[in-house]
Amino acid sequence: MDGTLLQTLLPKVILTFSAALNTQLARDSILLSQDFWLLVSMLIVIPISFLRTLDALRFTSQIALATVAYLILVVVGWFILKGPDPNRGEIVLARFGKDTLSRFPVQVFAFTCAQNIFPIYNELSARSQQRMNIVILASIGSAAACYEILGVIGYLTFGSKVGSNIIAMYPPTSLVIAFGRLGIVLLVGLSYPLQLLPCRNCIHTLTRGLAGRIKEANQQAAAILTPSRRSGTASPARSIEEDETDPLMPLARYETAGSIRRGGDMTNKKFIFLTTMILAAGFLVAFSVDELEIGESDMKHVFPFLTL
């Protein structure tokens, strides 16, 4: 889906820069082609999607967080320097209508980051519940603060006419706004590897458990068919789950030279295979879908991952 968003947003960003720089682009310009920008985004997203840990993704997350900080500065600075929009809509303190409950899922997804909790815990330098609580409070708290600033200031600027994509409400003739729209693109694109990592780990866990149970069943069947083996002293093979003392932490004895050091017992071949399949499926969807709307709610879906 992020590929679809990127190919939809980037031509609009190019048009914004064109307007800000007073230049004209032909309608058939390659810079306005969605397929071109999808290929460009693939060249950027694919390499960082093969990074194996959240720690390796910290630099891309810092870039994305910098774009959020820039967006806040634009929204707040515009309100301080130029005040409310001349065509601002109605301002009300509170309102409960028929659409209020329909907005509740947006609030729920605004703080959805649970799928990365386990990898984050595994990569903490000193694992403890206290440190994990600090990480959770800091990430959720900072995300909530950013939401409130953008929501309140944006509403005071445009009133009831405010749109879901706050940066699109400002005049496209300013380079400041053009870079803000580019920041939204970076925010969306750099969040893709953070979404891919837990997806890959879940698929690995499911397939590993299935393969382990098949192997264990074959060993038990072989033991039944071979009576002499039952008289030995060897104990039945135990699964990884039975040997684990802390289900949140991967066991060191399964981390061989062909395994991911901080990613559990996934071999390099399986890591490359799963990552490739997920990327191929995602970009296949992007090639098939021409338009996917993005707004402030879409930023809420990815921001908690970056802060974590």
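**First stop: a loop residue**

Select asparagine 22, which counts as exposed because its relative accessibility is 70%; here exposed means over 50% relative accessible area, buried under 20%, and partly exposed in between, with a 1.4 Å probe and protein chains only. The model is predicted, so local features need pLDDT of at least 70 and side-chain atom pairs count only at pLDDT 80 or more, while totals for chains, interfaces and linings use all residues. Residues are numbered from 1 along each chain as its sequence is written, and side-chain values use heavy atoms, with hydrogens and water left out.

Asparagine 22 is located in the loop between helix H1 (2–20) and H2. Helices (H or I, at least four residues) and strands (E, at least two) are DSSP runs, numbered from the N terminus. Although asparagine 22 is not a glycine, its phi is positive, at about 60 degrees.

**Second stop: H2 against H10**

Next, display helix H2 (residues 34–49) together with H10. Their axes are 12 Å apart and the packing angle is about 160 degrees; axes are lines fitted to C-alpha atoms, for helices over the stretch in contact, and angles run from 0 to 180 degrees between N-to-C directions. H2 is therefore roughly antiparallel to H10, in a scheme where angles under 35 degrees count as roughly parallel, over 145 as roughly antiparallel, 65 to 115 as roughly perpendicular and the rest as oblique. On the H2 side, the residues in contact include Leu38, Met42 and Val45, and on the H10 side they include Leu279 and Phe283. Contact means heavy atoms within 4.5 Å.

Phenylalanine 36 is partly exposed at 26% relative accessible area, whereas tryptophan 37 is buried at 13%.

Then select tyrosine 192 and phenylalanine 283, whose ring centres are 6.3 Å apart with planes at 40 degrees, so the pair is tilted. Because tyrosine 192 lies in helix H7 (residues 175–225) and phenylalanine 283 in helix H10 (residues 268–288), the pair ties together parts that are 91 residues apart in sequence. Both tyrosine 192 and phenylalanine 283 are buried.

Select Trp78, Phe158 and Tyr170, which form one aromatic cluster. Lysine 82 lies over the face of tryptophan 78, 4.2 Å from the ring centre; a charge sits over a ring if NZ of Lys or CZ of Arg is within 6 Å of the ring centre and within 35 degrees of the ring normal.

Is tyrosine 170 buried or exposed? At 1% relative accessibility, tyrosine 170 counts as buried, and its place is the loop between H6 and H7. Residues up to four places away in sequence aside, tyrosine 170 touches Val75, Trp78, Thr157, Phe158, Ile177 and Arg181.

**Last stop: isoleucine 167**

Isoleucine 167 is in the loop between helix H6 (129–158) and H7, and counts as buried at 2% relative accessibility. Leaving aside neighbours within four places in sequence, its contacts include Leu71, Val74 and Ile184.

Conventions:
Phe/Tyr/Trp six-rings, centres within 6.5 Å; stacked < 30°, edge-to-face > 60°.
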